[in-house]
Structure formats: structure tokens, C-alpha cells
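Here's a quick briefing on a single protein chain.

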Amino acid sequence: MQLEADAQSFMYQHSHAALATVDAGLHPLSTAVNTVPDQEGRLIVLLSDLAEHTANIRQNPAASLMWVEQQHSDWQAAPRLSVTGEMVRIPAEQGERYLQVFPHARDYLTLDFHFYALRPEKARWITGFARAQWLNCDAVAQPWGWDLAREQAMVGHMNDDHGDAVDHYLSLLGEPGEGARMLAIDPWGAWLWHQERLRRLPFPARAEDAGQVRETLVMLARTRPEEFFLARP
């Protein structure tokens, strides 16, 4: 199960992925998307009705998402994860978790954009050159121990009552500053917003419930930057 846990952590640390679809003639097409896991273990994307990949999905829902460690100098040797499944359109209210991480995207809903969800059926985890394995998808795409309302309450509490701690988290990322806002919390970390940039605060281990989230955030608020860099996944 450690491989699945490592792959899951990797997936949660990245908000951008490549989406692959196939058209009516079975020709492949890949594009870049933002993607956010929800509390049910689905992967949520927001797509325009006018996009070629959306037209492909309407005819054939088979799709794949891939994440790559972007800082690596050689992508063929970089850690990367691919998941495949069917991409299904979902109601706007089921896409609210996506808007936690990308709140500006709410404006797109007044245009021709709709939410889609992919529930992984297969997962391919590559930890480096010639090190590829198929994983148990049920372990990679696990439900969480809290719902969206609880997440929003935790985020609101941090921003309203512990802004100094949120700023401290920036220093853990090597980017000290003031005025950071927490946007979202998931089992493997939190998304922060500062100076028009999205930043990821990884947790040292998966938080199984809201109580463990609180314990982890308190621990990180007391952690020095040099300790954090030694312990981060």
C-alpha cells in the first residue's frame, strides 16, 4: 500500500495535469487542465463546451490524466502518474471543491464551462526511469474523512483567526511574506494564495480526519523552515 500512498500524495501536490482524449476517428488529443480531487475520490476538471477535448468526451468518455514532477530536468526520468477512466459531466454544485482551489473560475460558469469528473479505474505510477507499476485504484482514489462544509469551516477559521500561522506556512515554503490566504485543505496538504500565486503546503503524512488536520496545522505552525524541508515528502 505504500506505493499507492506515495502516488496519492504526488497527485494531491499538483493542481495541473495533461488530459488525453480520443476523437471520433480514434485520434488522440492531449491538452493542459487544472484538476482538483474531491471528497469522493473523483478528479474534477472545468471544461469549455467549445473545446475539442470536450467534444471528444461527449462522443467517447474514455480519458486519461497525467501529472509530472515539473521541476525535474528530464521528464523521462521524473516521477509521474497516469490515471484512466471515464470523464462524466456533473452538476455545478458537485464542482464546488474545484472552486476552493480556483475561486476565480466561478466567473467561467457564466460562460460555456461545465464541470466534469473522472473516477480512476486504472493507475500507472512511474517513480523514475524504467520503474513503472500498475496500482490499486481504490487505494489511490480514496474518499476523505470530512465533507466540503467542514473543509470550508476549517479554511475560514484559519484565515479569520490564525492569519499569522498561514503567513508562517509561507516561510516553510521558502517564500516568507504577509497576507497569505488559505484556499483549500485535503488529506495531503493545503493550498495557499499569496501575491497572485497558488502555493502548495504539503503535509508530512495523510490526515485521516478533521482532527488530524488540526493537529498537523498546529505542528506546522510550530515548525522551523529548516525542519520542514528535512521532513517534507
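The protein chain exposes about 11700 Å², and carbon and sulfur atoms supply 52% of that area (accessible areas come from the Shrake-Rupley method with a 1.4 Å probe, and for residues only the protein chains shown count as cover). Keep in mind that this is a predicted model: local features need pLDDT of at least 70, side-chain atom pairs count only at pLDDT 80 or more, and totals for chains, interfaces and linings use all residues. Residues are numbered from 1 along each chain as its sequence is written, and side-chain values use heavy atoms, with hydrogens and water left out.

**Overall build**

- The chain's secondary structure comes to 8 helices and 12 strands; these are DSSP runs numbered from the N terminus, helices being H or I with at least four residues and strands E with at least two.
- The radius of gyration is 18 Å, close to the 17 Å that the globule rule gives for 233 residues, so the chain is as compact as a globular protein of that length. The radius is taken over C-alpha atoms, and the rule is 2.2 Å times the number of residues to the power 0.38.
- Along its principal axes, the C-alpha trace spans about 55 × 45 × 30 Å.
- Of the 233 residues, 47% are buried (buried is under 20% relative accessible area, exposed over 50%, partly exposed in between, with a 1.4 Å probe and protein chains only).
- Take the contacts with a separation of 6 or more: 62% of them come from residues 24 or more positions apart (contact means heavy atoms within 4.5 Å).

**Helix H7**

- H7 covers residues 210–221, and at 1.5 Å a residue its 12 residues should span 16 Å; the end C-alpha atoms are 17 Å apart, which agrees. The expected span is 1.5 Å times one less than the number of residues.
- Its buried residues are Ala210, Val213, Thr216, Leu217 and Leu220. Seen down the axis of H7, they fall within an arc of 115°, so they line one face of the helix (the arc is that of the directions from the helix axis to the C-beta atoms).
- Over on the other side of H7, Arg214 and Glu215 are exposed.
- At the start of H7, a side-chain oxygen of aspartate 209 comes to within 3.1 Å of the backbone nitrogen of glycine 211.

**Arginine 206**

- Arginine 206 sits in the loop between strand S12 (197–202) and H7, and its 14% relative accessibility makes it count as buried.
- Its side chain makes a polar contact with the side chain of glutamate 208 at 3.3 Å. That term means a pair of N or O atoms within 3.5 Å; within protein, one must be able to donate a hydrogen and the other to accept it, and residues adjacent in sequence count only if both atoms are side-chain atoms.
- A polar atom of the arginine 206 side chain also lies 3.2 Å from the backbone oxygen of proline 143.
- Leaving aside neighbours within four places in sequence, arginine 206 has contacts that include Gln8, Trp144, Trp188 and Gln212.

**Positive phi in the loops**

- Leucine 26 isn't a glycine, yet its phi is near 65°. It's in the loop between strand S1 (16–22) and strand S2 (28–34), and counts as exposed at 64% relative accessibility.
- Glutamine 195, also not a glycine, has a positive phi of about 50°. Its loop runs between strand S11 (189–194) and S12, and at 62% relative accessibility glutamine 195 counts as exposed.

**Tryptophan 191**

- Tryptophan 191 is in strand S11 and is buried, with a relative accessible area of 7%.
- The C-alpha atoms of tryptophan 191 and glutamine 13 are separated by 9.1 Å, though the two are 178 residues apart along the chain.
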